[in-house]
Amino acid sequence: MRFNWNWEFTFEILPRLLAATVNTLIAAGAGYTIAVVLGLVLALAQRTPSRVLTFTVREVVEFIRSTPLVLQIFFIFYVGPQFGIRLSPWTAGMIAIGLHYSAYLSEVYRAGIEAVPKGQWEACRALNMSTRDTYVRIIIPQALPPSIAGMGNYLVGIFKDTPMLSVIGVAELMHTANAIGSENYRFLEPYTLVGVIFLAISLPAAALMRIFERRVRRKLGL
Amino acid sequence: MSIIEFLQTYGGLIASGTWVTIAQFLLASAVAIGVALVAGLGKLSGNWLIRGTAVTYIEIFRGTSLLVQLFWIFYVLPLFGLTFDKFTAGFVSVGLNVGAYGAEIVRGAIQAVPKGQWEAAYTLSMSPAKRMRRIILPQALVLMLPSWGNLLIELLKGTALVALISVTDLMFQTRQINASTFLSAQAFGTALVIYYILARFLITPFMRWLERVMARRLGRA
C-alpha cells in the first residue's frame, strides 16, 4: 500500500469518528469529575494530625503517580473478576483514569493549600472557627484559584490519555479508529483524523485555559 | 497460586520484559533529551523558519496522545516509505513525545539564566555558539534537572504503551501471562511494583545524585 489520501473514504468515516469523539469527551469529563473530588480527599487526608494516615496516603499517591496508567487500567479491569467483582469497561476505565489523575490533582491542591498565608490560619484560630469551617469557608476558597492553572493542565492531560481506554474496549476515538482501520485495511485516514481531532480540541482548550487563568488572576488582583 | 510460586514460574518472562522496558527507557530518554535540546534552542532562534519548525513540532506532539503518535508512526509512516521495526518505532515515538515537553523545559531554563551572564559573555566577545555552549547551557542544565526528573518518570510510564505495538516489554509480558493464566492480580500487581521500583528507587535517586554532582561542578554546592 502506498500513500494516497482518499477523501471519499475520509468523509465516509468522519461521522463515525465524530460520534466517538463525543464518547471521548464524556470519558474525559467523567474521569475528571472523579479526579477533582477524589484529589481533594487525598490532599486533605494528608493534612490530618494522624501521621500514619498522612504517610500512607503520601505513599499511595507516589505509587499511583509513578506507575503507568495503562497498567492501572488493566489491573482494575482484570483483577475485579478474579475476586468476583465484574466491572464494565466504562466503569473500570473511569475508576482507573479518575484515580490516576486524583493523585496528580491532590498535589495541585496540596500546593494551593500550602500557599495560603499562615495568618489566615491564625485568624481562623483567633475567631474560634471549627476545623471544618476553617477549610470550607477560608482555606479552600483561597487555595482553589492558584490551583486553576494546574487543574486546567490536567483536564487537557486526561483528555489526551483517554485513548488508553481503548485497550479494554471502551468505544472512544482510538478504539473506533482501530475498528475502522481493520474493517477497511486502511489506517492512514482514521489514525490521521484522530490526530487532527485531538489537535483541534486540545490546542484551543489549552489556549482557553490560559485566558481563563489570566482572568481569574486579575479578578483576584494577583 | 501464591506469589512465590508465581514468581518462580514466570520470573524469567517478567525479567526479560523488564530488560526490554529498561532498554526502551534508555533509548527513548536519549531521543527525548536530544530532541528537547534541539527544539528548545530552536524555539529561541532568531530565524523564523527554525522557530516555526520547533513550535510546530512541540504543539503537534503536545497536542495529541502518545498512543495516537505511536500508532501513527508504526502504521502510517510506512505508507510514506519510512518503515521502523516495532522496537525502534516504540522508543522513537516515546522519545519524540516526551521531547516536546522537554523542549519547553529547556527553553524555560535557558531563559532563566540571569541576564548578567549573557552580557558578561558578550563583553568577553564570545561568539553566540561559544556563549551558549560554555556559559548558558551549563547553568541552564542545573536549572532544568529537577523538571527532567519528573519528566523521565513520565517517560518510563510512557514506555508501557509500546506493548500495544507488540514490543515485548514488561507490560507485554504481563498481558501474555494474564491471558494464559488469568492470574491478573499477581501478573499486573508484579508489574506495577516493578515500575514503581524503577521510578522511585532508580530514576529518582539517580536524578538527585546528578543534581548534586552538577551543582558541585558549577561550584554551587
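1. Chain B of this predicted model has 8 helices and 0 strands. Read from the N terminus, its elements run α-α-α-α-α-α-α-α. The C-alpha trace of chain B spans about 70 × 50 × 20 Å along its principal axes.

2. Of the 221 residues in chain B, 39% are buried. For contacts in chain B between residues at least 6 apart in sequence, 75% link residues at least 24 apart.

3. On confidence, chain B has a mean pLDDT of 94, with 99% of its residues at 70 or more. The model as a whole has an ipTM of 0.90 and a pTM of 0.91.

4. The interface can be described from the side of chain A. There, 32 residues of chain A are in contact with 30 residues of chain B. The elements of chain A that supply two or more residues to this side are α2 (51-66), α3 (69-82), α6 and α8 (188-219). Helix α8(A) gives the most, with 9 residues. By residue class, the side of chain A that touches chain B divides into 22 nonpolar, 6 polar and 4 charged.

5. Within chain A, helix α4 (residues 89-114) packs against α6(A) at an angle of about 150 degrees, and the two axes are 8 Å apart. Angles over 145 degrees count as roughly antiparallel, so α4(A) is roughly antiparallel to α6(A). The crossing of α4(A) past α6(A) is right-handed.

6. The residues of that helix pair are as follows. From α4(A), the contact is made by A:I97, A:Y101, A:Y104, A:L105, A:V108, A:Y109, A:G112 and A:I113. From α6(A), the residues are A:I139, A:A143, A:L144, A:P146, A:S147, A:G150, A:M151, A:Y154, A:I158 and A:D161. The residues of the contact of α4(A) with α6(A) comprise 14 nonpolar, 3 polar and 1 charged. Helix α6 of chain A is also among the elements that give two or more residues to the side touching chain B.

7. A:L40 belongs to helix α1 (residues 7-45) of chain A. A:L40 counts as buried because 21 C-beta neighbours lie inside 10 Å, the cut-off being 20 or more. The C-alpha atom of A:L40 is separated by 9.4 Å from that of A:A103, a residue 63 positions away along the chain.

8. Two loop residues deserve a look at the backbone. A:N128 is a residue other than glycine with a positive phi, near 60 degrees. A:N128 sits in the loop between α5 (118-126) and α6 (131-161) of chain A. With 7 C-beta neighbours inside 10 Å, A:N128 is classed as exposed, since the limit for that class is 12 or fewer.

9. In chain B, B:S125 likewise has a positive phi, of about 45 degrees, and is not a glycine. The loop that holds B:S125 lies between α5 (115-123) and α6 (128-159) of chain B. B:S125 is exposed, because 8 other C-beta atoms fall within 10 Å and 12 or fewer places a residue in that class.

Notes
Residues are numbered from 1 along each chain as its sequence is written. Chains are lettered from A and ligands numbered from 1 in the order in which they are written. This is a predicted model: local features need pLDDT of at least 70, side-chain atom pairs count only at pLDDT 80 or more; totals for chains, interfaces and linings use all residues. Helices (H or I, at least four residues) and strands (E, at least two) are DSSP runs, numbered from the N terminus. Two residues are in contact if their C-beta atoms, placed from the backbone, lie within 7 Å. Axes are lines fitted to C-alpha atoms, for helices over the stretch in contact, and angles run from 0 to 180 degrees between N-to-C directions. Angles under 35 degrees count as roughly parallel, over 145 as roughly antiparallel, 65 to 115 as roughly perpendicular and the rest as oblique. A crossing is left-handed if the near helix is turned anticlockwise from the far one by less than a right angle, and right-handed if clockwise. Ala, Val, Leu, Ile, Met, Phe, Trp, Tyr, Cys and Pro count as nonpolar, Asp, Glu, Lys and Arg as charged, and the others, Gly among them, as polar. pLDDT is the predictor's confidence in each residue, from 0 to 100.
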